[in-house]
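Trainee: Can we go through how the two chains of this model meet? I would like to take it step by step.

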2 protein chains.
Amino acid sequence: MPTNNSHRYSAHEQEIMKKMGLRVRQLREASSLSQEKLAELAHVHRTYISTIERGQQNISLTILIRLADVLGVSLATLFEDT
Amino acid sequence: MPTNNSHRYSAHEQEIMKKMGLRVRQLREASSLSQEKLAELAHVHRTYISTIERGQQNISLTILIRLADVLGVSLATLFEDT
DNA sequence: GTGTGACTTGAAGTCCGTC
DNA sequence: AGACGGACTTCAAGTCACA
């Protein structure tokens, strides 16, 4: 997602998207993976991980599943703090 | 989602999509809501709820948030069993 | 009140590059 | 190694008609 599309989502939704991004980043770094490596393992594009971690993506369920799998956590764990 | 696109997702992904759908249906019925009413409250289309509950939708995060909100549960709770 | 196929459109997600 | 942009393709999202 390019530049600023913040108007598309409510403040509440943006907040959760940001939290999800930070959570992914935390878990990725805890696994000592680069964005590139995580992207490769989860079969998503390198630049997409970047936008996710910055809270700019409205991620779909299948992508969330793949990320959870690679990061070695359950989906529930991924949403723990939201 | 039109016709049969089941080939698009892995068995694992389809399984979770189905579980999510059942979970939504359970929570909706526990709240004594019709699909129509849930749709109205969550600001999504009636027929979309139908496809979600049958596990045919690769739901995005924002839709999950709206459903969780209306159903009165956290996102983590929504993913409890997966 | 719900399931489903057909359809449109905006966003998800990819791929190239530069900084 | 990561942020970010532009252009592109694929699909989620939303609507309708009918069963």
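Trainee: How much area do chain B and chain A bury between them?

Mentor: This is a predicted model, where local features need pLDDT of at least 70, side-chain atom pairs count only at pLDDT 80 or more, and totals for chains, interfaces and linings use all residues. Residues are numbered from 1 along each chain as written, chains are lettered from A in the order written, and side-chain values use heavy atoms, without hydrogens and water. Buried area is the accessible area (1.4 Å probe) that two parts lose on being put together, summed over both. Carbon and sulfur atoms carry 71% of it here, and the total is about 1,700 Å².

Trainee: How many residues does each chain bring to the contact?

Mentor: Contact means heavy atoms within 4.5 Å. By that rule, chain A gives 20 residues and chain B gives 19 residues.

Trainee: Which residue of chain B pairs with Arg66(A) in a salt bridge?

Mentor: A salt bridge needs a side-chain nitrogen of Lys or Arg within 4 Å of a carboxyl oxygen of Asp or Glu. Between chain B and chain A there are 2 salt bridges. In the one with Arg66(A), N to O is 3.3 Å, and the partner is Glu13(B).
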